[in-house]
Amino acid sequence: MSNLNINDWSSNIYKELTSLKELIDANEVSKSLYGGFYVWDSKYIENPEIMFIGINPGNGNPNNSGKVITEPENQISYMEFLDGENPNYRLAIETIKSFEMAGYSIPEIRELLNEKSIKTNYYYLITKNQTDISKCINQLDNYSFKDFWQKSYDWTGQLIELTNPKVIVCEGKSVFDTIMDYDDVSETGWKNDCGYCVRPNGQTIIGYSRNRSNIKNKDGFSELIKRFIKKEKHYTQQWL
């Protein structure tokens with residue numbers, strides 16, 4: 001891993017996803033459940049302040065084209081809401097509201113998210129909902145959801161190492177549990193649908209539970225933002 005660079009990583013991802021796409025396209029049921037593959041919801045930035053990791057791209061994604069897209073975007077997808085292009089982008093609404101509750105102004109949020117943050121997903125497969133990820137993959141011969149989960153685990157771990165974010169925001173409890181598993185933690189806590197863990201190297205992971213695209217405990221998540229991203233000395237423990 002120490003010799004891996006982003007170009008080699010991207011090339012490998014493209015080859016593996018293209019091979020998987022061929023398997024999916026040959027199966028009518030699987031083909032009906034997916035919209036292609038999409039890696040980045042943001043620019044590529046090394047040593048970002050924040051790395052957002054979602055579950056998978058939904059089929060409302062403009063890149064729902066059946067293609068394999070591994071190139072970074074020109075801006076983080078949350079800008080679509082801030083710029084008025086996608087006023088119904090629910091997770092963006094919830095995320096930006098949480099940062100406002102933590103004390104950030106909209107101009108500060110714009111700079112933090114678009115210039116100092118990256119965003120991706122644990123699974124790169126575009127589907128209508130999370131359940132369809134396993135439905136799509138398990139239809140295939142000689143390839144299972146367990147295989148895809150392991151590949152996704154490896155790819156995400158490599159991307160975290162390549163980018164080296166200060167804070168990882170996990171957009172879902174299942175993502176938080178998985179990302180926490182990569183390395184030892186020196187401190188952790190989860191209660192009332194949100195939580196955190198701290199690695200011995202200081203890297204912090206925070207996350208929350210969702211009801212579809214709604215953050216269940218925005219108050220608690222905003223306190224974690226204050227503590228670990230805004231670095232405020234005064235925050236409440238109401239999420240505990």
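Q: How many disulfides does a search of the whole structure find?

A: A disulfide is a pair of cysteine sulfur atoms within 2.5 Å. The search of the whole structure finds zero disulfides. Cys194 is in no disulfide, and its nearest cysteine sulfur, that of Cys170, is 13 Å away. This is a predicted model, in which local features need pLDDT of at least 70 and side-chain atom pairs count only at pLDDT 80 or more, while totals for chains, interfaces and linings use all residues. Residues are numbered from 1 along each chain as its sequence is written, and side-chain values use heavy atoms, with hydrogens and water left out.

Q: Is Cys194 buried or exposed?

A: Buried means under 20% relative accessible area, exposed over 50%, and partly exposed in between (1.4 Å probe, protein chains only). Cys194 is buried because its relative accessible area is 0%. Cys136 likewise counts as buried, at 0% relative accessibility.

Q: At what angle do helix α4 and helix α5 pack?

A: Helices (H or I, at least four residues) and strands (E, at least two) are DSSP runs, numbered from the N terminus. Axes are lines fitted to C-alpha atoms, for helices over the stretch in contact, and angles run from 0 to 180 degrees between N-to-C directions. Helix α4 (residues 90–101) and helix α5 (residues 106–115) pack at about 120°, with axes 10 Å apart. Angles under 35 degrees count as roughly parallel, over 145 as roughly antiparallel, 65 to 115 as roughly perpendicular and the rest as oblique; α4 is therefore oblique to α5.

Q: Which residues make the contact of α4 with α5?

A: Contact means heavy atoms within 4.5 Å. From α4 come Ile96, Phe99 and Glu100, and from α5 come Ile106, Ile109, Leu112 and Leu113. Ala, Val, Leu, Ile, Met, Phe, Trp, Tyr, Cys and Pro count as nonpolar, Asp, Glu, Lys and Arg as charged, and the others, Gly among them, as polar.

Q: Which residues of α5 are buried, and against what do they pack?

A: The buried residues of α5 are Ile109, Leu112, Leu113 and Asn114. They pack against β2 (50–54), α3 (79–82), α4 and β4 (117–121).

Q: How are α4 and α9 placed relative to each other?

A: The axes of α4 and helix α9 (residues 218–228) come within 8 Å and cross at roughly 60°, and the two helices are therefore oblique to each other. Among the residues in this contact are Phe99 of α4 and Phe221 of α9. By class, the contact of α4 with α9 has four nonpolar, two polar and five charged residues.
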